[in-house]
Amino acid sequence: MIAEIFEQNFQKPAEIFWQAPGRVNLIGEHTDYNQGFVLPMAIEKRTVVAIGRNERSIHRIYSANTEELIEHPAPIGNLEISGWARYPLGVLKLLEISDQGLDIAISSDVPIGGGLSSSAALECSVGAGVNKLLELDNEKLELAKICQRAENEVVGAPTGNMDQIASLFGKADNAVFIDCRSEEIQLVDLGFEKAGLEIVVIDTRTSHKLDDGDYGNRRDECYSAADKLGIHSLRDLNEQHLEGVQSQLTATEFKRARHIVTENQRVLKAVQAVREQEYFTFGKLMTESHSSMRDDFEISTAELDQAVEASLQSGALGARMTGGGFGGSGIALIESQNIPQLTDSVLEAFKQRGFKTPEIFAVKPSCGAREIKGTN
Ligand code: GLA
């Protein structure tokens with residue numbers, strides 16, 4: 001229990017408890033930083049935090065996952081540390097807390113590096129909890145941007161804002177449809193439960209990092225394509241224009257642009273499909289999205305492709321990798337009764353190919369960050 005973990009480390013009770021979830025992205029990958037559309041949902045796996053003020057100008061942050069206590073003077077100037085503590089300290093820095101020292105205990109069941117936004121869950125739980133405790137009055141969208149900036153500016157991962165918005169705005173049974181240009185956020189009722197459907201995560205347990213260059217390279221290629229075409233972002237390109245601009249781009253830039261353009265269209269179609277309860281169409285769009293990430297954006301891996309293939313063979317309506325790529329998790333939309341078959345066939349396929357044993361579990365669309373009791 002987070003309350004006890006806090007007391008053991010700081011010898012006093014915490015003042016506030018908060019939680020923020022991880023997410024799976026149903027469709028719309030690498031479109032967020034191209035000002036496009038995304039459709040993530042928050043999941044029940046989450047990070048919980050207990051927070052209290054201390055009498056010293058020192059932040060003390062304890063992680064129950066790594067069993068480490070990190071200390072840093074407040075206010076935070078330059079952050080010369082590595083590892084997980086950069087995320088919470090980055091958020092404290094950008095919340096511009098003066099010399100009020102904070103004690104924070106953290107515990108998370110979001111798989112680290114599994115492509116399920118363990119980092120956003122960490123940033124948002126700390127950000128939202130501190131925001132409430134110190135009455136900083138940042139609105140949720142403002143908070144999402146502060147958490148994103150912590151990841152961009154402090155951690156050095158050039159990510160978009162999908163994960164933080166999903167973690168803060170998620171709602172049970174709903175997906176979060178985000179227009180990353182207008183920043184309009186709409187909840188979309190998924191109706192999965194009524195339809196007897198579930199989202200299954202296949203965590204390939206292959207490392208997925210956002211600050212090691214590959215993710216940033218994709219972002220640079222997209223920006224360079226937009227630059228050459230004289231447009232503000234790839235959001236401004238549509239399918240009709242795409243063929244006409246091929247000669248202005250390198251072959252790689254063209255493929256990246258094609259992924260973004262077609263992926264934006266797929267998100268819009270997916271939102272419409274789910275609103276009309278056309279789940280087969282929704283699933284087909286998910287699978288098409290995977291092919292586009294594999295062939296045009298080139299961010300999939302042998303494990304993710306295998307997870308998708310085995311899921312489809314087990315009757316999934318659709319399957320795709322989720323998140324930044326280069327490892328992490330795949331997801332499948334499948335009827336509940338077919339989950340055992342999917343599990344068996346993915347495990348068998350992974351074994352045959354000599355891959356690590358994946359973690360396979362169903363997730364439900366869940367609520368976003370919120371205050372909790374310390375007994376959670
Ligand atoms: C990571 C980033 C997001 C987004 C996805 C890809 O999860 O944090 O901002 O770019 O990758 O869609």
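This report describes salt bridges in the structure shown above.

The model is predicted: local features need pLDDT of at least 70, side-chain atom pairs count only at pLDDT 80 or more, and totals for chains, interfaces and linings use all residues. Residues are numbered from 1 along each chain as its sequence is written, and side-chain values use heavy atoms, with hydrogens and water left out.

A salt bridge is a side-chain nitrogen of Lys or Arg within 4 Å of a carboxyl oxygen of Asp or Glu. By this rule, the count is 19 salt bridges.

Helices (H or I, at least four residues) and strands (E, at least two) are DSSP runs, numbered from the N terminus. Accessibility is described by relative accessible area: buried means under 20%, exposed over 50%, and partly exposed in between (1.4 Å probe, protein chains only).

K12 is partly exposed at 24%, whereas D103 is buried at 0%.

R320 is buried, with a relative accessibility of 0%, and E29 is buried at 1%. Both residues belong to a network of salt bridges that links E29, E263, R266 and R320.

E288 and K284 are four residues apart in helix 9 (residues 279-295), so about one helical turn separates them. E288 is partly exposed at 33%, while K284 is exposed at 53%.
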